[in-house]
Amino acid sequence: MLKKVEFLKSPKIFIPLLSLIAFAPRYIWVRLMNTVPVYDFLRYYNYAAALLQGDYDAYLEIRNVFPHLSGYPLVLSYVYRLFGDTVAVGKWFNVFCSVGTAILLYLLVRELLGDTAGQAAGLIFALYPADIMYITLLASEHVFLVLFLLSIYLFIHYTKTTLTGWKVLRLLLVGLVMGIAHIIRPVSSLLFPPMLAYLLFFHEIKKPMVSFLKEKGKVVAMIVLAFFLTLGMLNLIYLDTVKVPLGKTAGGFNMYVGTDPERTGMWNPTAWQIIEEYDHDFYRVHGEAQRRAIERIKEDPTGFVALAEQKFAIQWTTDDYALYWSMLEVYPDTAFSLWVEENKDTVDIVAQSYYMGIVMLALLGVWYSIKKRREYPIGLAALIVLVFTAAHVLIEVQSRYHHPVVPFFILTAAAALVHVTGAGDKIGNGGLRA
């Protein structure tokens, strides 16, 4: 149906329409669901407010162990400087980021698969229940996802043709955006292996192998250089303010939690004891945590495999996190929030069904792409999902941790839709391949 409406092919028409469709349900949820921040979400708010007041030592002990917790509050503090330091301002900033995510996903999929697929992907995300309900949480995923998708869109856009002369400097922008995303959630560096693999295995070789490898190596080198320069510059500017290195992370504690069979690889207060035991020392905490995690795996490798299976189900098959967190603490109640509470099971079923529909379509999209030998458009998305999946075999899992990966499920689901309906663009405005 989208393909038949010719005027929607213009981004100048479709982007405002998509923005409105994405904004409307999020506006309703923010206005009628008075979610009160708790746990990590409350800590983010309090630390952003502390930065605004010049209290740079706030939460310093815990941030010494987890420096990455400083990035999102730093960004939020600038939003508060402009619009006021209320929880509501943080929520409306989330709405802005989420609408931006829908637009970027549309542009990314349009670049890879053409107009119709891009429109489908944008609309699927715009109406994605978990993102709508998660919007009232002061979580880092919202702003991270905008930056993460922007870096991938720029990467795809700039590498579809060979950059010559000064144009090669455009690649620095990819690394810059990735660096900013990394201080908010320290996972954007996971993009480097998929980017390299995508360039080597999903790009056509139109020149001698040595020249091809040099060209692709130069692309990745430029992005990596810009990434680390960005981190260095951000720390040069903000180290005196946040007191810990932005973007610095270690996986020891996360691995310690993720290999705990008694807690199914999920966070638990018992694991926190190792932080107290080693007096919030970054290197000692993560080093000892990693040693204990490796010992667990060595002592019971069969149990580790069984645990990985359980963690997979927690991480990837449930989509109830948004409803749970947005309803955990609500004040004051509204007629809408009381209705949602009364019909929580039904709302949860609708949200879960929507998510599972995306996953099933994504699997169909992979099958169609392989069958028709059109893996190129979905190659990077598949690699990113595989890297995230592999990482969570070892580290802590929560169902909300799959939130940043859902756009790549949607990308692949859009590929399935255009295959099934026969609505794919031969060239498409922005389409890379038939």
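I take a salt bridge to be a side-chain nitrogen of Lys or Arg within 4 Å of a carboxyl oxygen of Asp or Glu. The model I examined is predicted.

**Entry 1, helix α14.** I looked up E288 and found a salt bridge to R292, with the closest N and O atoms 2.8 Å apart. Both residues belong to helix α14, 4 residues apart, or about one turn of the helix. E288 also pairs with R291, where the closest N and O atoms are 2.6 Å apart. R291 and E288 are separated by 3 residues within helix α14 (residues 282–299), again about one turn. I then checked accessibility. E288 has a relative accessible area of 14% and is therefore buried, since buried means under 20%. R292, at 23%, counts as partly exposed, and R291 is partly exposed at 44%.

I recorded a salt bridge between the side chains of D131 and R26, at 2.9 Å from N to O. This pair connects distant parts of the chain, 105 residues apart: D131 sits in helix α7 (residues 129–134) and R26 in helix α1 (residues 11–32). D131 is buried, at 2% relative accessible area, and R26 is buried at 0%.

I noted a network of salt bridges that links D40, R43, E141, R185 and R400.

Which residues form a negative surface patch? I found E61, E276, D279 and D281. Of these, I placed E61 in helix α3, which spans residues 60–65.

Notes: Residues numbered from 1 in each chain as written. Predicted model: local features only at pLDDT ≥ 70, side-chain atom pairs only at ≥ 80, totals over all residues. Heavy atoms only, no water. Patch = residues over 30% accessible without salt bridge, like charges linked within 9 Å, V, L, I, M, F, W, Y side chains within 5 Å. Areas by Shrake-Rupley, 256 points an atom, 1.4 Å probe, with all protein chains shown as cover. Lys, Arg positive; Asp, Glu negative; His and termini not counted. Charge placed at Lys NZ, Arg CZ, Asp CG, Glu CD. Helix = DSSP H or I, 4+ residues; strand = E, 2+ residues; numbered from the N terminus. Buried < 20%, exposed > 50% of the residue type's maximum accessible area, 1.4 Å probe, protein only.
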